[in-house]
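Open the model in your viewer and keep the selection panel handy.

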Amino acid sequence: MTNAQSQPRVGVLLPTRELAMTGEFSAAPLLDFAQQAEELGFDSLWTGDSLLARPRLDPLVVLAAVAAATSRVTIGTAAITAVLRPPLIGANMVASLDQVARGRLTLGVGAGFPVPQTEEEFEQLGIPFTGRAGRLDDTVALWRAAWASRAGGEPDFTGRHAVGRGLDRLPPPATPQGPPIWLASSDTPRVLARVAERYDGWMPFLPTPEAYAAGWQRIGELAAERGRPEGAITGAFYATINVNPDRQRAEEELEEYVQHYYGRPLGFMAQIQAYGNGTAEECAQWLAGYVRAGARHLVIRIGSLQPATQLKEIAEVLVPALRRLA
């Protein structure tokens, strides 16, 4: 879908959850992290979203501060559970953030990780957990209708789960038609079809490059069948790594991180998510497998409760090595 010869872009996740796990809720360390990442040459900065399951500062608020504190790096959500916010309010908040960021925003959106804690979030907000994928698609469709309405699009939207009238009264985003929206998801046939039909990117965390390659190829086939142009969909990838010259220490720290984050062992989580650890060169080699499989924008989550300590090594050793391999 995107140019197979292009160099991969590499972004890093802001440690909103990691700081929260250590009892730190100040925004200052996040802004320091963001500014350092920009200075080190990362292409993008991302933040996750959770209300009760994995609490942290709100992603849209954090990204507004990050946008004001940076000038070049793009910003994004990886990923925002869009349906936890009323669709009209979400459309306005995202457009406002894109204005603050001067068009540097990309939205990774997800339907919600299928675990009991996420179900509790939905329940407390009065949102049905079943049917959440269709609700997400409707929310995104309303957002896009709102953002297009100022340029002559229809001012009203009616979907199965979302309705909006007078959408042209909402402030527009800085990006014409709105920021790109990537689906943070798995590789099930239904998900791949949704990406091919209606999203601007695919951002899974699949545990093997082979699974990524198969999913990406299928998206390309389905997108072509639907008449979408070449390059319309970005192949992204979300990976968790721990970089340390001491390989055993890297694995031990990643195990500790996963246990704190999910309450489950690394061996279990590695069956459903992508985890790499070892030296910077070893992690680059592992990530290069996904680039060869089609990924063109990597979102790196540093699997450590002290992620800033690995930022420089990743930027100065891992990223150049990855691009040489790619």
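The tour below goes from a strand and its partners to salt bridges and then to the nonpolar cores.

Before you click, note that this is a predicted model: local features need pLDDT of at least 70, side-chain atom pairs count only at pLDDT 80 or more, and totals for chains, interfaces and linings use all residues. Residues are numbered from 1 along each chain as its sequence is written, and side-chain values use heavy atoms, with hydrogens and water left out.

**Stop 1: strand E9**

Select residues 234-243, which make up strand E9. Helices (H or I, at least four residues) and strands (E, at least two) are DSSP runs, numbered from the N terminus. Is E9 largely enclosed or open? Nine of its ten residues are buried, so the rest of the structure largely encloses E9. Here buried means under 20% relative accessible area, exposed over 50%, and partly exposed in between, with a 1.4 Å probe and protein chains only.

Two strands pair if DSSP finds at least two bridges between them.

- Strand E8 (residues 201-202) runs parallel to E9, joined by two bridges; look for glycine 201 opposite threonine 234. Between E8 and E9 the chain passes through helix H8 (residues 209-225), in a right-handed β-α-β crossover. Right-handed means that, with the strands pointing away from the viewer, the path from the first strand over the helix to the second runs clockwise.
- Strand E11 (residues 297-302) is parallel to E9 as well, with six bridges; histidine 297 is the bridge partner of alanine 236.
- Strand E10 (residues 275-278) pairs with E9 in the parallel sense over four bridges, and there tyrosine 275 partners threonine 240.

**Stop 2: salt bridges**

How many salt bridges does the structure hold? There are ten, each a side-chain nitrogen of Lys or Arg within 4 Å of a carboxyl oxygen of Asp or Glu.

Select aspartate 137 and arginine 194, whose closest N and O atoms are 2.9 Å apart in a salt bridge. Aspartate 137 sits in helix H6 (residues 132-149) and arginine 194 in helix H7 (residues 189-198), so the pair ties together parts 57 residues apart in sequence. Both residues are buried.

Next, pick aspartate 200 and arginine 144, a salt bridge with 2.7 Å between the closest N and O atoms. Aspartate 200 lies in the loop between H7 and E8 and arginine 144 in H6, so this pair links parts 56 residues apart in sequence. Aspartate 200 is partly exposed at 21% relative accessibility, and arginine 144 is partly exposed at 23%.

Then go to glutamate 282 and arginine 247, which meet in a salt bridge at 2.7 Å, N to O. Glutamate 282 is in helix H11 (residues 280-292) and arginine 247 in helix H9 (residues 247-262), so the pair ties together parts 35 residues apart in sequence. Glutamate 282 is partly exposed at 28%, while arginine 247 is exposed at 53%.

Finally, select Asp49, Asp58 and Arg85 to see a network of salt bridges.

**Stop 3: the nonpolar cores**

A nonpolar core is a set of buried Ala, Val, Leu, Ile, Met, Phe, Trp, Tyr and Cys residues joined through side-chain atoms within 4.5 Å. Which residues touch the most other members of the largest core? They are Val109, Trp143 and Leu318, in a core of 83 residues. Centre on valine 109: leaving aside neighbours within four places in sequence, its contacts (heavy atoms within 4.5 Å) include Ala79, Leu136, Trp182 and Tyr199. Another core, of nine residues, lies apart from the largest one; select Tyr257, Tyr261, Met269 and Tyr275, which are among its members.
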